[in-house]
Amino acid sequence: SRIFNFNAGPAVMPEAVLEKAQKEMLNWRHSGQSVMELSHRSSEFESIRNHAENRVRSVMGVPDHYDVLFLQGGASLQFSMIPMNLYQPGKPMDVINTGSWTQKAIVEMKKIGKCHEVASTKKENFMRLPSQDELNFSKDSSFVYLASNNTIFGTQWPEFPIVKDNILVADMSSDILSRVIDVNQFDLIFAGAQKNIGPSGVTLVIIRHDLVDRGPENIPSVLQYRVHSKNRSLYNTPPTFGIYMMGLVLDWIHDQGGIIGMEAKNNEKAALLYDAIDKSDLFYGPVHHKNRSKMNVIFRVKDNHVELEEAFVKYATEAGQCGLKGHRSVGGLRASIYNAQPLVGVKALIDSMKKFESKIRI
Ligand code: PMP
């Protein structure tokens, strides 16, 4: 039987989506073929691609003047594509550094041009996000870059900083589709699929259409937004099965009451889990309360009892909850409670935490 999966990504998928894919696996809609076997130039795949794009647009409220692209190379390739396409020499790229993923983006951006750290909470182990008055923007930047949710450190912008007329680029890999956002606030949004959108292998990029032509034409074609935009993500063979799965996940979100419904469920799950952590005598949450992520819940055992963290991971695994080990770079415990994590999964985890605590005396 299936277990509760708290991995950070690839992560839990909605069971109904897996069942639908299973049903359609051998013969997709009387085509006599699996989606994996369809030509990416076929009318069948065209309808799958269009469906996924239309669902992204309707579920997220993406205005017509944005392109919706399905790319490859993971979210990490965007760390390079963004500066290659949007950097304007003489105008630094402004990055709000809030953890490992923004740091990795900075490394790649510096290979392309001048990068400016608008703020960093590194000195505080990234346990909080900077406030608006800590943001030291450049006078004239190519763009401002942030991560909406920090998967490893467990922080999430409750509301986004004001960047005035600057172009705003957001890595939403770990909280896309989990809460209502105004797409108009952003100029480019990207996300690896493997947390809230589907299987790994597809990266969703939502970009204001007038920006796709900004980059030079002498960079590799496959790295140009203009090429993918012109070819409607069919410049080369796209990850067809991933795009199909993305469409099914978006159908499922639609059936859950859309993002509004999703957000209400996510709020309930996160409140329940943080409440259990805060009431515990054994566990604690190290992240500043106002920046706590509703997707990646970081918690630790008090007084640096690392051995008890390891013991808890083992205990929970035996109880049917996997993926609770914190990221290898920070340790501790992490429960990723993405859209597809059911409330009963969170309740099962809380039950394990309570039982483990009553067993342990420190
Ligand atoms: N950004 C964030 C916020 C992430 O959590 C991750 C992956 N966990 C990445 C970027 C990198 O994604 P990928 O592995 O798809 O390159």
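**Notes on a predicted model**

1. Let's begin with Phe 126, which sits in the loop between strand S4 (115-120) and strand S5 (143-147). Phe 126 has a positive phi of about 60° although it is not a glycine. Phe 126 counts as buried because its relative accessible area is 4%, under the 20% cut-off.

2. Arg 29 is another non-glycine residue to look at, with a positive phi of about 40°. Arg 29 belongs to the loop between H1 and H2. As background, most residues other than glycine have a negative phi, and most peptide bonds are trans.

3. On peptide bonds, Gly 9 and Pro 10 are joined by a cis one, with omega about -10°. You will find Pro 10 in the loop between strand S1 (4-5) and H1.

4. Leu 26 lies in the loop between helix H1 (15-24) and helix H2 (43-60). Leu 26 is exposed because its relative accessible area is 72%, over the 50% cut-off. Together with Met 25 and Met 36, Leu 26 makes a nonpolar surface patch of about 320 Å².

5. Do have a look at the open, antiparallel sheet of three strands, ordered S11-S12-S14. Its edge strands, S11 (283-284) and S14 (333-336), each pair on one side only. Four antiparallel bridges link S12 (residues 296-301) with S14, and Ile 298 stands opposite Arg 334 in S14.

6. Helix H7 (residues 258-279) packs on that sheet and touches S11, S12 and S14; the direction of H7 makes about 15° with that of S12. Helix H8 (residues 306-318) also packs on the sheet, touching S11, S12 and S14, and its direction makes about 125° with that of S12.

Conventions:
Residues numbered from 1 in each chain as written. Predicted model: local features only at pLDDT ≥ 70, side-chain atom pairs only at ≥ 80, totals over all residues. Heavy atoms only, no water. Pairing = 2+ DSSP bridges. Helix = DSSP H or I, 4+ residues; strand = E, 2+ residues; numbered from the N terminus. Contact = heavy atoms within 4.5 Å. Axes fitted to C-alpha atoms, helices over the stretch in contact; angles between N-to-C directions. Patch = residues over 30% accessible without salt bridge, like charges linked within 9 Å, V, L, I, M, F, W, Y side chains within 5 Å. Areas by Shrake-Rupley, 256 points an atom, 1.4 Å probe, with all protein chains shown as cover. Salt bridge = Lys/Arg side-chain N within 4 Å of Asp/Glu carboxyl O. Buried < 20%, exposed > 50% of the residue type's maximum accessible area, 1.4 Å probe, protein only.
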